[in-house]
Amino acid sequence: MRNKGKIKVIMMLSGAILAGIPISKENVWAVPEKQMEKNGAYANVNTCLNIRKGAGKQYQIIAQIPKEGYCEIERWEGEWCYVTSDEISGYVFGDYLKTGFTKEEYLKATNRLEVQYAYSLEQKEDMPVTADVSGKRKEIVDFALQFVGNPYVWGGTSLTNGADCSGFVQSIYKKFGVLLPRVAADQANAGTRISVEEALPGDLIFYAENGLVYHVVMYIGEGKVVHASSSASGIKVSNLYRAHAVSGSRFF
């Protein structure tokens, strides 16, 4: 579904002429193009939608729009369209977009409180894991990193359709036979307690404020963590937030 505001205006004016209605400047501006065009769209995919350098699958993928992530269509080039999502611009295949929204309508249609935008693949390329990590720890970290860019959903446990911070690590660990409690505060009291400084890739680290645990992340090495961050940024890789990192848990 493509936005065709100009065509609509022309058709309306043509109909008025055929009906014998005089056309004036006032008639033209009665249906301003800006009001008719709704260039907002969101990714109608299960995981993420690739943004490419050019209009075709042969072009390099430079970024991705997460499931139900928002973008604005700048122009169409055949079946492809050039979009902008926050500060990222490029080409996506139009069939994977739900189009025709204002930003407010998008939030209502997706039941989101905040707009979710595209993320650069440089984020994925900058996911270091310490060189001496091997075995199960490497498998867990590699498995978790597959889901970067997928949505955050409060109360969710789905690695593809949406999870919150504790649901994300619970589902990751379940894949490797470790059953975690559901919420971060309980996860902090499970396993073997370790200090933040002792954490190895695959260990969990907990953030707290005023003595209350409010967030859990998975350490992946070199000061980086992977976590279900927020509805705005989804599952992402970040620097460890040392100011609020209070403890860790080890399960293997």
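Predicted model: local features only at pLDDT ≥ 70, side-chain atom pairs only at ≥ 80, totals over all residues.
Let me begin with helix α6, which covers residues 135-145, and where Arg137, Ile140, Val141, Phe143, Ala144 and Leu145 are buried. What covers these buried residues of α6? The cover includes helix α7, residues 165-175, together with the strands β13, β14, β15 and β16.

Strand β13, which spans residues 212-221, deserves a moment of its own, since seven of its 10 residues are buried, and so β13 is largely enclosed by the rest of the structure. On one side of our story is strand β12, residues 204-209, which runs antiparallel to β13 and is joined to β13 by six bridges; as one example, Glu209 stands opposite Leu212 in β13. These two strands form a hairpin with two residues between them, and Asn210, in that turn, has a positive phi of about 55 degrees.

Then there is β14, which is also antiparallel to β13, with three bridges joining the two, and here Tyr219 has Val225 in β14 as its bridge partner. Again we find a hairpin with two residues between the strands, and in this turn Glu222 has a positive phi of about 55 degrees.

Finally, please look at Ala118, which lies in the loop between α4 and β8. Is Ala118 buried or exposed? Buried means under 20% relative accessible area, and because Ala118 has 12% relative accessibility, Ala118 counts as buried. Leaving aside neighbours within four places in sequence, Ala118 is in contact with Ile51, Gln64, Ile65, Pro66, Ser85 and Ile88. The C-alpha atoms of Ala118 and Glu87 are separated by 8.5 Å, although these residues are 31 residues apart along the chain.

Technical notes:
Residues numbered from 1 in each chain as written. Heavy atoms only, no water. Buried < 20%, exposed > 50% of the residue type's maximum accessible area, 1.4 Å probe, protein only. Helix = DSSP H or I, 4+ residues; strand = E, 2+ residues; numbered from the N terminus. Contact = heavy atoms within 4.5 Å. Pairing = 2+ DSSP bridges.
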